[in-house]
Amino acid sequence: MKFRLLGEVEAEIDGEWVDLGHARQRSVLAILLIEANRVVHVDQFLDRVWADHRPQRAVNSLYSYLSRLRACLAGGAEISRRSGGYLLSVDPAAVDLHRFRDLVAGARAVPDDEAALGRFDEALGLWRGEPFTQLDTPWLNETREALTQERVAAERDRTDTALRLGLHASLLPDLLRDAPAHPLDERLAGQLMRALYRCGRQAEALEHYDRLRRVLADETGVDPGPDLQALHLGILNGDPTLAAPTTGTAAPHPTPRQLPAPPPLFTGRVRELATLSRLVESQTDDADAVAVAVIGGTGGVGKTWLALRWAYDHLDRFPDGQLYVNLRGFDPAAEPVPPPVALRGLLDALAVPPKAIPTGLEAQAALYRTLLADRRMLIVLDNAHDTEQVATLLPGSPTCTVLVTSRRRLGGLVAQGAQGFTLNVLTDDEAHHLLSRRFGPRLLAEEPDSVAALLARCHGLPLALSIVAARAAMHPDLPLRALVDELSEEATRLDALTTGDLSADLRAVFASSTRALRPEAARMFRLLGLTPGPEVGLGAAASLNGLSPRQTRPLLHDLHEAHLVHQQTSTRYRLHDLVRLYAAEQVERDAPDHRQAALVRMLDHYLHTAHAAACLLDPARESITLPPAQPQLTLDPVADQAQALAWFHTEHAVLLGILRQAARDGLDAYTWQLAWTMESYLDEQGHWRDWTATQLAALRAASRLGERRWQACSHRSLGVAHTQLGELDEAHRHYQGALALFEALGDPVSQAHTHRGLGWAFNQQDRWSDALRHNELALELYRQAGHRAGEAMAVNNVGWLHTQLSDHGAAVAYCERAVELNQEIGDQHAEAGAWDSLGYAYHHLGRHAEANTCYQRALKLVRNFRDRYNEAEILTHLGQSHSAAGEAEQAREFLRQAATILRELDHPNAETVADALRDLDD
C-alpha cells in the first residue's frame with residue numbers, strides 16, 4: 001500500500017491506483033493521512049473540510065465519505081471508529097509525507113555528510129508538486145504552506161551538506177536559478193556566495209551581497225545579519241577557512257531532474273502502466289542491454305502523460321537523475337530537432353562545459369555515453385520523428401532506461417531490440433472517470449445524455465476531454481447541453497491534421513473553448529498564433545498585444561485556466577502544437593494591418609532585448625544601430641552579463657524560430673539583425689551549427705537587400721563558425737568572400753579582423769607560415785587605422801606563431817609589445833593572454849625563471865575573470881616550466897591545481913594533466 005500527499009492525493013494497492021472519489025472525499029483522506037495513526041475527531045473533520053461553510057447535513061456527508069474510503073482502501077489500510085472520531089492505521093513509511101519527514105530527520109541526525117546527502121536527496125525526490133494538488137480548504141492551505149516551508153528548510157540543509165562535501169560546482173546552477181526568486185533569504189544568499197567564491201567567482205559573490213544589502217535596506221530597513229556580514233568580510237579578505245574542503249573527494253556528476261511536472265489529471269491507464277513496467281523489466285533482465293520502451297500512438301492520445309506518470313511512479317529506480325528532451329517530431333510549426341541539437345542539449349543538462357564538448361557528432365555521442373556509463377538514469381525522448389533522430393541519443397549503459405514517444409511505430413528501433421506498444425484512446429469508463437473528476441458526480445447524474453454525447457464527440461482522446469472539462473469547470477452555470485451543441489458545429493480548417501494522426505476533431509473543441517473567453521483574452525489567444533514556439537515569455541506576449549505585463553498576465557491566466565496555454569513558470573507559457581496552429585488560423589482572420597503591427601512588435605521585442613543582451617555579453621564588440629523601439633514595446637530585463645546569458649539560454653530556441661519566421665516572411669533587415677545579436681552567445685556556448693544556420697539566413701537576407709557590408713560581416717562570421725567546427729575549407733571560402741567585400745568597401749579594420757580569422761584557420765591546419773603572414777597583414781592594417789585593441793591581439797598572435805616556428809627570440813619581442821599595448825588600453829583579459837604567450841616563449845628558450853614570472857602575472861590577472869579553463873591552462877604551463885627546470889614539487893602543485901579545475905569543468909584535458917602528474921611521480 002502506498003499513499004501520496006506531496007502532489008495529488010493518491011493511493012495504490014497491489015500496484016493499482018485507487019479511485020478516491022471527488023475533492024471533498026479526498027480532503028477527508030488527506031486529513032486522515034496527515035494525522036496517520038492518530039484519532040481525528042468529528043468536529044476537527046468538519047472544521048478542516050468545510051470551515052465556515054458547513055452544510056446542514058455535513059456530519060452525514062462525512063460519514064458517507066468515510067464509508068466509501070473504507071471500501072476503496074479495503075485490503076490496504078484500515079479506517080476504524082474510535083471515541084469521538086476516526087483513525088487511519090497505516091505504516092508511516094507508506095505515506096510519502098511521513099517518509100519525507102523521517103528521511104529529513106535522519107539526514108539531520110546522521111554524522112556522516114555523504115549518508116546525510118543521500119537521505120536528503122531521497123526525501124526531496126518524493127515531492128511531485130504542491131501538496132494536496134486541487135484540494136482547497138483553509139486548513140489544507142495552511143498545512144500546504146507549512147509543508148512548503150519544511151521542504152525549503154530541507155533544501156537549505158541539503159545545500160549546506162553538499163557544500164561541506166565540496167560539491168559547490170554542481171550546486172551553483174541551481175543556486176543561481178533559485179536566488180532571484182527568494183531575494184530576502186539570507187541563508188540562500190550565503191550558500192550562493194560561498195559556492196561562487198569556491199568556484200573562483202569572488203567578484204560575483206560580492207556583487208550578490210551588495211544586491212541583497214540594497215534590497216533589505218529598501219524593503220525592510222535593516223542590514224544583513226551577522227553571519228552573512230562575516231561571510232562577506234571573509235570573502236573580501238580571502239579567508240582560507242572558506243575554501244573548499246581538501247578531503248580529496250571528487251565532485252560527483254550533477255544530478256539532472258529534467259522531467260516536466262507530473263500530469264495533474266492522469267486517469268486510468270492501469271493496464272498500460274503495467275505493460276510499460278513489464279516491457280522495461282523484460283529488458284533489464286538482460287545485463288548487457290539498455291532498456292528501451294517505445295510508446296506509439298496518434299497525436300493527443302496521451303503518450304507523454306503516460307511516460308511521465310510511469311517515470312514519477314518509479315523515480316526511486318533512477319537516483320542518478322532523469323533527462324528529458326522534446327524532439328518536436330510532429331510539430332506543425334517547426335522542424336524536428338536535429339540529433340546534434342538534441343545531443344548538445346543533453347550534454348548541457350549533464351553540465352559539460354562548452355569548451356569541453358567536441359565538435360563532431362560521433363565524438364559528442366561518445367562523450368554522452370561515457371557520462372551515462374554505470375549511472376542509473378531515465379532518459380525520456382518525447383515526440384520522436386523517426387529512428388534516426390533517436391539512435392544517437394541512446395545510452396550504452398544497461399543501467400539506464402529510455403522511454404521514447406512517437407506518432408510512428410519506429411520499427412527500426414524495435415528491430416534493434418526496443419520494446420514497443422501502441423497507446424489507444426481511453427476506454428469509455430476511463431473517459432467517463434476523467435470527466436467525473438472534473439465535473440463532479442452531481443453534474444454527471446443530472447445530464448447523463450449530455451455526458452454521453454460529449455464522450456462520443458471526444459472519441460476518448462485525452463487532449464479533447466481535458467479541454468472540454470476545463471471549459472465546463474470554468475463556467476459551472478453553463479449546462480452541458482450547450483457544450484454539446486457547440487461541439488456539434490461544422491469544422492473547417494484543421495481537417496488536414498486529422499488524417500492519419502487524430503481520431504477526433506479538435507477544431508470544434510478549440511473553438512468552443514475560445515468562444516467562452518472574454519474578448520480581450522480571445523484576442524491574446526489569436527495573437528499567440530504569431531509566435532513560432534515552443535514557448536513565449538510574458539514580455540513577448542505583452543508586446544504582441546501592445547499592453548503592459550500587468551495587463552497581459554490576467555489574459556494569459558485565462559488561457560491557462562482554459563487549457564489553451566500551459567504556464568510553466570511565472571513568466572513562461574507554452575502552447576500545445578495543435579492549439580498554436582489553431583490560433584495561427586484564427587489570427588489570419590484579424591485585420592491585416594493589426595496582425596502586421598502585432599508581428600512587428602513581437603519582432604522588435606526579441607530584437608531589442610537580444611541586442612541589449614548581446615552588448616552585455618561582449619562589450620568590446622562593435623555594435624550595430626537599431627531603429628528606435630516602439631512605445632508599446634515591453635523589453636525583458638537584462639541588467640548585467642549574468643542576466644544576459646540567462647536570457648539567451650531561456651530564449652535560444654525561440655530566437656531561432658523568430659529568425660526563421662522573419663526569413664520566411666521576407667523581413668530581411670530583421671533576419672540579419674537578429675542573426676547579429678545571437679552571434680556572441682552561439683559562439684561562446686558552442687552552438688556552432690545554429691551559428692552557421694543563422695548566418696546563412698543572414699547572408700541571403702543581406703544579398704537580397706544589396707547590403708554589401710552586411711554580406712561581408714556574415715561571410716566573416718561564417719568563417720569563424722566553420723573554423724570552430726573544423727570545416728576549414730568552408731571557413732577559407734567565407735573568409736575570402738568577406739575579405740573581397742571589405743576591400744571593395746575600403747574598410748581596413750574589418751579587413752584586419754578577417755586576416756586574423758584566416759590566420760586562425762591556417763593555425764588550425766598547422767600551417768604556421770601562412771597563419772603568420774595573415775596576422776602580419778592584420779597587424780599592418782590595424783596600425784594604419786590606429787585600432788589599438790586589434791593591434792594588441794595581432795601582435796600577440798604573431799608572437800605565438802613565431803614560437804610555433806621555433807623563432808623564440810622574435811616571439812619574446814612581439815609578446816612583450818602585446819603586454820605593453822594591452823596595459824595601455826586597459827584590457828586586462830587580453831593582457832593575461834599576452835603574459836601567458838610571453839611565458840611560453842621564455843619557456844622554450846629555457847629561461848624558466850622568467851617564464852614563471854610571466855605565468856604568475858597571467859594567473860593573477862585571469863583569476864579576476866570567470867575563465868576557469870584559461871586559468872587551468874596557465875597553471876599547466878607553470879607546472880611544465882617548473883618540471884623542465886627540475887623543480888618537481890612545485891610542478892606537482894601547479895599541475896594538481898590545474899587537474900582540479902579541469903575535473904570540475906569535466907574537461908577531457910584533465911586526464912592529460914593527470915598523466916603528467918603520474919609521469920612526475922614515476
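1. A word to start with: contact, or touching, means heavy atoms within 4.5 Å. Keep in mind that this is a predicted model, where local features need pLDDT of at least 70, side-chain atom pairs count only at pLDDT 80 or more, and totals for chains, interfaces and linings use all residues. Residues are numbered from 1 along each chain as its sequence is written, and side-chain values use heavy atoms, with hydrogens and water left out.

2. Let's begin with Met-524. Leaving aside residues up to four places away in sequence, Met-524 touches Ala-541, Leu-544, Asn-545, Thr-552, Leu-555, Leu-556 and Leu-559.

3. Which residues touch the most other members of the largest nonpolar core? They are Met-524, Leu-528, Leu-559, Tyr-606 and Phe-648, in a core of 65 residues. (A nonpolar core is a set of buried Ala, Val, Leu, Ile, Met, Phe, Trp, Tyr and Cys residues joined through side-chain atoms within 4.5 Å; buried means under 20% relative accessible area, with a 1.4 Å probe and protein chains only.) Helix α27 (residues 592–617) gives the most to this core, 10 residues. Helices here are DSSP runs (H or I, at least four residues), numbered from the N terminus.

4. Apart from that core lies another, with 51 residues, among them Leu-20, Leu-62, Leu-103 and Leu-124.

5. Now find His-208, which sits in helix α9 (residues 202–219). Is His-208 buried or exposed? His-208 is buried, with a relative accessible area of 12%. Not counting residues up to four places away in sequence, the residues His-208 touches are Ala-179, Ala-189, Leu-192 and Met-193.

Definitions and conventions
Buried < 20%, exposed > 50% of the residue type's maximum accessible area, 1.4 Å probe, protein only. Helix = DSSP H or I, 4+ residues; strand = E, 2+ residues; numbered from the N terminus.
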